[in-house]
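Biologist: I have a model open on my screen. Please show me how to read it.

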Amino acid sequence: MYSVEWQKRGLPHAHILIWLETKIRAEQIDDVIRAELPEQEVDPELFDVVKTHMVHGPCGSYNPRYPCMKNGICSKRFPKPFSTETVTGEGGYPFYRRHSPENSGIRTTIQSRANCIDIDNRWIVPFSPVLSRTFRAHINVELCSSIKSIKYICKYVNKGSDLAAFGVQNANDEVTSYQIGRYISTSKAIWRMLSFSIHERFPAVTHLDIHLENGQRIYFDPSNVRTVVENPRNTTLMAFFDPCHKDEFAAFLLYEEMPGYYTFNKQNGTFQRR
């Protein structure tokens with residue numbers, strides 16, 4: 001699942017949520033996601049990408065006016081604490097391994113607007129070495145292993161455009177009107193005009209009904225209650241049994257396997273072979 005988002009001052013970026021067929025175990029996280037500067041002598045290409053694109057800020061005392069600063073504290077919780085190994089944290093996001101300079105960690109210098117700043121692994125945004133080396137861009141990768149984190153991301157990628165409430169008032173203060181407006185940047189306008197996709201979910205999800213016999217949900221109003229009760233519309237569960245008797249192939253399918261080979265026609269309440 002992904003959603004494309006625009007910042008008011010920048011180019012579009014995407015929030016992507018990927019479900020893996022095989023779950024990543026705790027001891028495998030460091031092979032997929034890292035939050036440390038790589039050794040420059042071993043992998044100079046990845047070192048340059050991480051140093052250029054995957055350093056947060058620095059904020060705090062280095063730059064109190066950085067956008068992430070709220071009431072004098074970094075809203076992204078940087079700098080992160082050092083850790084000798086990756087451990088599962090609260091909220092479903094791990095605390096990634098970040099070696100200190102005293103414990104074989106890498107330290108480097110970056111150029112800010114005013115001066116040069118020494119940074120270490122506490123300022124590195126989690127990344128995937130494969131994606132960073134391939135695209136040479138800022139790609140923040142996180143492992144979401146709890147229902148709480150997955151719910152948050154599903155809400156985030158489908159939250160829609162930003163809303164702004166503003167008032168319009170004439171010079172004589174005789175008319176005051178309020179409008180709800182959506183901010184559309186120039187890059188988002190072009191994206192819309194070229195008909196690029198903004199949301200996508202793959203593969204398609206089919207809702208399969210589960211209920212007891214004669215326990216399905218029906219919808220009616222006073223004018224058609226008798227007709228609906230006497231001839232209720234087929235649910236996917238009720239329609240599942242019909243091809244099992246008529247189609248030899250369907251007889252060997254489980255209920256959850258039906259959408260892979262049949263489509264459900266809501267008009268006549270039947271499964272049709274793809």
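This is a predicted model: local features need pLDDT of at least 70, side-chain atom pairs count only at pLDDT 80 or more; totals for chains, interfaces and linings use all residues.

Biologist: How many helices and strands does the chain have?

Modeller: Helices (H or I, at least four residues) and strands (E, at least two) are DSSP runs, numbered from the N terminus. Here there are seven helices and eleven strands.

Biologist: What share of the residues counts as buried?

Modeller: Buried means under 20% relative accessible area, exposed over 50%, and partly exposed in between (1.4 Å probe, protein chains only). In this chain of 274 residues, 30% are buried.

Biologist: Which residues of helix H7 are buried?

Modeller: In H7 (residues 236–246) they are Thr-236, Leu-237, Ala-239, Phe-240 and Pro-243. Viewed down the helix axis, they fall within an arc of 155 degrees, so they line one face. The arc is taken from the directions from the axis to the C-beta atoms. His-245 and Lys-246 are exposed on the face turned away.

Biologist: What do the buried residues of H7 pack against?

Modeller: Contact means heavy atoms within 4.5 Å. Their partners are strand E10 (262–265) and strand E11 (270–273).

Biologist: Now the loop residue. Why does Asp-43 count as buried?

Modeller: Its relative accessibility is 18%, so Asp-43 counts as buried. Asp-43 sits in the loop between helix H1 (29–32) and helix H2 (44–53). A polar atom of its side chain lies 3.2 Å from the backbone nitrogen of Leu-46.

How values were computed. Residues are numbered from 1 along each chain as its sequence is written. Side-chain values use heavy atoms; hydrogens and water are left out. A polar contact is a pair of N or O atoms within 3.5 Å; within protein, one must be able to donate a hydrogen and the other to accept it, and residues adjacent in sequence count only if both atoms are side-chain atoms.
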